[in-house]
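Reader: Could you walk me through this one, starting with the overall picture and then going to a few details?
Author: Gladly; let us look at it together.

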Amino acid sequence: MRPEYLAIDALCGTDARMRDLLTRGKRFVDRGLPVLILGETGTGKEFLARALHEYSERRAQAFVAINTASLPEHLVESELFGYQRGAFSGALPGGMKGKLQQADGGTLFLDEIGDMPHALQTRLLRVLSEREVTPLGASHAVPVDVQLICATHQDLASAVARGTFREDLYYRIAVGVLTLPTLRERDDKRELIARMLCDEWPGLHEDQVLARVSPDALSCLLRHAWPGNLRQLRAALRYACAVMSGNLLCTDDLPPELATSSHAWMSGNDTFMEQRSHDVSNAVVSAPRVQTVETIAQMPRHDSERERILQALAQHRWNISAAARTLGFCRASLYRKLKQLSIPHVRDCGDALSAGHFA
């Protein structure tokens, strides 16, 4: 069962970045600006688009969504612009209104616009510029008035630089840009978990559903990198609710990949920290002092990003490629994060110890 789409103010909890994003989104639609939603797969781009429509003055009119990546290229044009009777072989006898006409007065949501064929981008640009559409086979244009919301997980600026996305169309749709944070970056994961569990256990409040999740299971859910973001989290919770045998959701009820990574992290982290602590205790104290994994790990708990990266590294025994996949980064991004957060590579810690530095 697909969850109901939420009102815009229900899309986040205490996460300050999301609250600011939603405030800006409201201002964009208040002014009728085209909105471009960016974000990784599963971050909730369509949820945000529908919430913006329901918030807007166009809420009583149609919300028309089309995923341009899921349609065969030869159908995209007829789906968007429609066609007249007899426009081509196989056309419906009475013709068909395109999505743009169906959304007239309401909101048109173009998902995965980064995958739109280049030739079709030219026609869409003209529609946005002239505010009218000419169906296939028609001799006259039809005026349209839509609130345009586009979304993509791609880097459109890079696509423009490569020449695969029209620069003039990019600047036409990217007036109000909203970049959704990944789930691993959000500070309201506990609230999101509670809200999703309320969908699975109707009649219970958020504090009641969290009381039915064991501390270990909740810790695993909060610690996981979630490369599939909100979509993956919801799927994991639905799985756990389906297989749990009692009234308490335990770690063993979580999908195998989550439970396995949790157990691996716990055992691997204990062994890693124990060995490194032993090395540290036997090291000779000398200047300058070098910051290492242990001192970083003992920093305040509020530094969640540092903790998350250290956990992934410990889980994969400092295999950078494997840790990067768990975190949802590429190798280069993870190396940049290590440098930004002053996390030395474990081999560098070993060099420091060999040199007699306190690590």
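**From the whole chain to single residues**

Author: In this predicted model, residues 24 or more positions apart account for 70% of the contacts in the protein chain with a separation of 6 or more.

Reader: OK, and how many helices and strands does the protein chain have?
Author: The protein chain has 17 helices along with 9 strands.

Reader: What share of the residues is buried?
Author: Of the 359 residues in the protein chain, 47% are buried. As for the surface, the protein chain exposes about 18200 Å², and carbon and sulfur atoms supply 50% of that area.

Reader: Switching to the strands, which way do S1 and S9 run, parallel or antiparallel?
Author: Strand S1, residues 35–38, runs parallel to S9, and 4 bridges join the two. Within this pairing, Leu-36 stands opposite Val-177 in S9.

Reader: New topic: is Ala-242 buried or exposed?
Author: Ala-242, which lies in helix H11 (residues 229–243), has a relative accessible area of 65% and therefore counts as exposed, the cut-off being over 50%.

Reader: Where does Asp-253 sit relative to Ala-242?
Author: Asp-253 is 11 residues from Ala-242 along the chain, and their C-alpha atoms are separated by 8.6 Å.

Conventions
Residues are numbered from 1 along each chain as its sequence is written. This is a predicted model: local features need pLDDT of at least 70, side-chain atom pairs count only at pLDDT 80 or more; totals for chains, interfaces and linings use all residues. Side-chain values use heavy atoms; hydrogens and water are left out. Buried means under 20% relative accessible area, exposed over 50%, partly exposed in between (1.4 Å probe, protein chains only). Two strands pair if DSSP finds at least two bridges between them. Contact means heavy atoms within 4.5 Å. Accessible areas come from the Shrake-Rupley method with a 1.4 Å probe; for residues, only the protein chains shown count as cover.
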